[in-house]
Amino acid sequence: MAEVGQRLILAFDYGTRRIGVAVGNELLKSARELSPLTARDGIPDWNKVEQLLKEWQPDLLVVGLPLNMDDSESDMSKRARKFGNRLHGRYGKPCVMVDERGSTREAKLIAREAGHRGNYREESVDGIAAVLILEGWFAHQEGLPDGRSAL
């Protein structure tokens, strides 16, 4: 396992149909999107998740936690937490939950500015949301605001 500050991190934007994925380097504070995982009612193909972990060999997993604006948990946040617990339980990797409020809205805005036509089922923004979740985690580690709180 790499030292804190030098870890490779996989981030997940949990969803019931798709789970966005991003990979990032803690030293460089950079993240890039990977292909999203398909899910059936929130359950991914665990073989694909395992392939992803074997390929990237992350030191840490980050899962977005979709809290309500009043900080309460929604059904979706409970499901995301369960997903994070399963990741940790299956693969033994440390897994942290990160407040992801506003990440999907911001991802759609970024996609629209890049020419996205608005068909999010066909062209998902889940990977962009996963990048935003990981970048927010990097900012939080540095003691900086993640920039999404204003959305």
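**Rings, helices and a sheet**

Colleague: How many aromatic pairs does the count come to?

Modeller: Keep in mind that this is a predicted model. Rings pair here if their centres lie within 6.5 Å. By this rule, the number of aromatic pairs is 5.

Colleague: Is the pair of Trp-46 and Tyr-91 stacked, edge-to-face or tilted?

Modeller: This pair links distant parts of the chain, with Trp-46 in helix α1 and Tyr-91 in helix α2, 45 residues apart. Their rings are 6.4 Å apart, centre to centre, with 40 degrees between the planes. Planes under 30 degrees apart count as stacked and those over 60 as edge-to-face, so with 40 degrees the pair of Trp-46 and Tyr-91 is tilted.

Colleague: At roughly what angle do the axes of α1 and α2 cross?

Modeller: Two packed helices are described by the angle and the distance between their axes. Here α1 covers residues 46-56 and α2 covers residues 75-91, and their axes come within 12 Å. The crossing is right-handed, and its angle is roughly 65 degrees.

Colleague: How many charged residues are in the contact of α1 with α2?

Modeller: From α1 come Trp-46, Val-49, Glu-50 and Leu-53, while α2 brings Phe-83, Arg-86, Leu-87, Arg-90 and Tyr-91. Sorted by class, the contact has 6 nonpolar residues and no polar ones. The number of charged residues is 3.

Colleague: Which strands stand at the edges of the sheet?

Modeller: The sheet is open, with mixed pairing, and its 6 strands follow the order β4-β3-β2-β1-β5-β6. An edge strand has a single partner, so one of its sides is left without a neighbour in the sheet. Here the edge strands are β4 (43-44) and β6 (95-99).

Colleague: Which residue of β4 is the bridge partner of Ala-39?

Modeller: Strand β3 (residues 30-40) and β4 run antiparallel, joined by 2 bridges. The partner of Ala-39 in β4 is Pro-44.

Colleague: At about what angle does α2 run to β5?

Modeller: Helix α2 lies across several strands, including β1, β2 and β5. Another helix, α4 (residues 126-141), also lies across strands, and runs at about 45 degrees to β2. For α2 and β5 (60-65), the angle is about 170 degrees.

How values were computed. Residues are numbered from 1 along each chain as its sequence is written. This is a predicted model: local features need pLDDT of at least 70, side-chain atom pairs count only at pLDDT 80 or more; totals for chains, interfaces and linings use all residues. Side-chain values use heavy atoms; hydrogens and water are left out. Axes are lines fitted to C-alpha atoms, for helices over the stretch in contact, and angles run from 0 to 180 degrees between N-to-C directions. Helices (H or I, at least four residues) and strands (E, at least two) are DSSP runs, numbered from the N terminus. A crossing is left-handed if the near helix is turned anticlockwise from the far one by less than a right angle, and right-handed if clockwise. Contact means heavy atoms within 4.5 Å. Ala, Val, Leu, Ile, Met, Phe, Trp, Tyr, Cys and Pro count as nonpolar, Asp, Glu, Lys and Arg as charged, and the others, Gly among them, as polar. Two strands pair if DSSP finds at least two bridges between them. Rings of Phe, Tyr and Trp (its six-membered ring) pair if their centres lie within 6.5 Å; planes under 30 degrees apart count as stacked, over 60 as edge-to-face and the rest as tilted.
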